[in-house]
Amino acid sequence: MYISQLSLTNYRNYSRLTLDLPSGPVLLRGDNANGKTNLLEAIYFLSTTRSVHTRTDQQLINWIILRQETLPFARVEATVKTRSDTFKIAITVVREGNNFRKDIRFNGAKKRAMDIIGKLNTVMFLPEDIELVTGSPGIRRRYLDSTLCQINPDYCAALSRYNKVLTQRNALLKELFKRNGNPDQLFYWDEQLARDGAALMVNRHNTILDLDAVARQRHRELSGGREGLRLHYAPSFDLYRRPQPNYQLPLIMEELVPYSTAAPPLQEVRETFRSYLINARSEEISRGVTLVGPHRDDFHFLVDGIDMTMYGSRGQQRTAALSTKLAEVILMKQFTGETPVLLLDDVMSELDAKRREQVINIVDQAGQALLTTTDWEDFSLDFRQRARLFSVAMGRLELVQPD
Ligand SMILES: Nc1ncnc2c1ncn2[C@@H]1O[C@H](COP(=O)(O)OP(=O)(O)OP(=O)(O)O)[C@@H](O)[C@H]1O
Ligand SMILES: [Mg+2]
């Protein structure tokens, strides 16, 4: 799929922009602080209905407008072409008093966020995405959730139910501790939690397995055949009821081989989940929180058996994160039949010549790729002649001819 037209109104440093885009590569060059990242972020926002990482929606509204107008808003709108369809997605962030509200439209009709996630598929790589490897388990869970939600609406629905049940179950745990109540009340919530939780975990397990196969290949290409990357799911409890390996220590690859098979059947995982909940029950009541379940999951990046979060060099960590994101392109295509839009922000800056060449090879496989740079020279002349080029200055874009 590709975006054929993008328009932004009062979006960050863009007051008004209408942009026609081709399929294939699009390269944006601009000095620092001119709006390159903002533009990619706007597309990501349309795809996921969320601003990247922890940034909040209210920051998306141009701050001059936010101060001056009585009903300030920011709007992002795109026309998307797939192999069989053309559609329009628009999201408007509106301030009403002290609150911010999102109005989401698909071909003009009002929709819930859940209904449009997965319509426009994107894979985005930002410089700070190295945190996928270096950061906390929460960052990796968010990444998994956002990837899975784009390719599987059932996953998204299960996730939203799970989070609600989790909140209610935690409230009950606190109540039981305070009032010394009857713990049998938990059975109902355990059942609910295990039903959706098992679905999340089976999906995560199988998706990481798929990602692993492609990311391994990408990482090998990017590292010039020198390194072997493996992605390894570390569920909050063992789906097979086996002892957990200790990730604090460098791991030997062979120890992980048995995990390279599809997850056990859903029903079994549900039962296993429930038995772990029963085991944890007294500790859960005394601590007032649910201690097992997908909200405690993690996954690991292993290069030649070594956990990159703990022991990776900066370059290895960056390459592992990039390989995984690029693998997502293939995964999304397998699931949805459409190649996603690839958004690569400043991806070349820390890569050597060989790795840059590999990135271009992968970009050529995407339906559309938007790349940003501060320097045209980061890209070969051959690539620049194939790509649509824009220069970005102070929230305006100008078409540039290759030299
Ligand atoms: N809500 C907003 N209203 C107006 N301007 C904003 C808003 N949010 C961010 N900006 C500004 O937009 C400008 C462009 O930011 P952006 O991150 O897109 O730059 P960039 O071109 O990617 O720069 P770099 O090369 O440094 O990564 C920044 O100066 C930033 O302060
Ligand atoms: Mg930037």
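Mentor: A pocket is an open set of grid points where a 1.4 Å probe fits, with protein on both sides within 12 Å along at least five of seven lines. Please keep in mind that this model is predicted.

Trainee: How much space lies in the largest pocket?

Mentor: The largest pocket holds about 1,000 Å³ of space. Its lining counts 43 residues, and those closest to the centre are Arg50, Arg142, Tyr143, Asp145 and Ser146.

Trainee: Which helix supplies the largest share of that lining?

Mentor: Helix 5 does, with 10 residues. Several other elements each give at least two residues to the lining, including helix 1 (36-48), strand 8 (122-125), helix 6 and helix 7 (186-222).

Trainee: Which residue caps the N-terminal end of helix 6?

Mentor: That cap is asparagine 152, which places a side-chain oxygen 3.1 Å from the backbone nitrogen of aspartate 154.

Trainee: How should I read a sheet?

Mentor: Strands of a sheet pair through backbone hydrogen bonds, and the pairing is either parallel or antiparallel. One open sheet here has three strands in the order 9-10-11, with antiparallel pairing. Strand 9 (229-234) and strand 11 (306-307) each have a single partner strand, so one side of each lacks a neighbour in the sheet.

Trainee: Over how many bridges do strand 10 and strand 11 pair?

Mentor: Strand 10 (residues 298-303) and strand 11 pair over two bridges. Leucine 302 stands opposite aspartate 307 of strand 11. Helix 10 (residues 314-336) lies across strand 9 and strand 10, at about 75° to strand 9.

Trainee: In what order do the strands of the six-stranded sheet stand?

Mentor: The order is 8-12-13-3-14-15, in an open sheet with mixed pairing. Strand 8 and strand 15 (396-400) are its edges; each has a single partner strand, so one side is left without a neighbour in the sheet. On average, neighbouring strands of this sheet are turned by 20° against each other, direction ignored.

Trainee: In which sense do strand 12 and strand 13 pair, parallel or antiparallel?

Mentor: Strand 12 (residues 341-344) and strand 13 (residues 368-373) are parallel, with four bridges. Leucine 343 has leucine 370 in strand 13 as its bridge partner. Helix 11 (residues 353-363) lies across strand 3 (24-29), strand 12 and strand 13, running at about 155° to strand 12.

Note on methods:
Residues numbered from 1 in each chain as written. Chains lettered and ligands numbered in written order. Predicted model: local features only at pLDDT ≥ 70, side-chain atom pairs only at ≥ 80, totals over all residues. Heavy atoms only, no water. Polar contact = N/O pair within 3.5 Å; in protein donor to acceptor, adjacent residues only side chain to side chain. Pairing = 2+ DSSP bridges. Contact = heavy atoms within 4.5 Å. Axes fitted to C-alpha atoms, helices over the stretch in contact; angles between N-to-C directions. 1 Å grid on protein atoms, 1.4 Å probe; cavity = no way out; pocket = protein on both sides within 12 Å on 5 of 7 lines; lining within 4 Å. Points joined across faces, edges and corners; volume = space filled by probe spheres on them.
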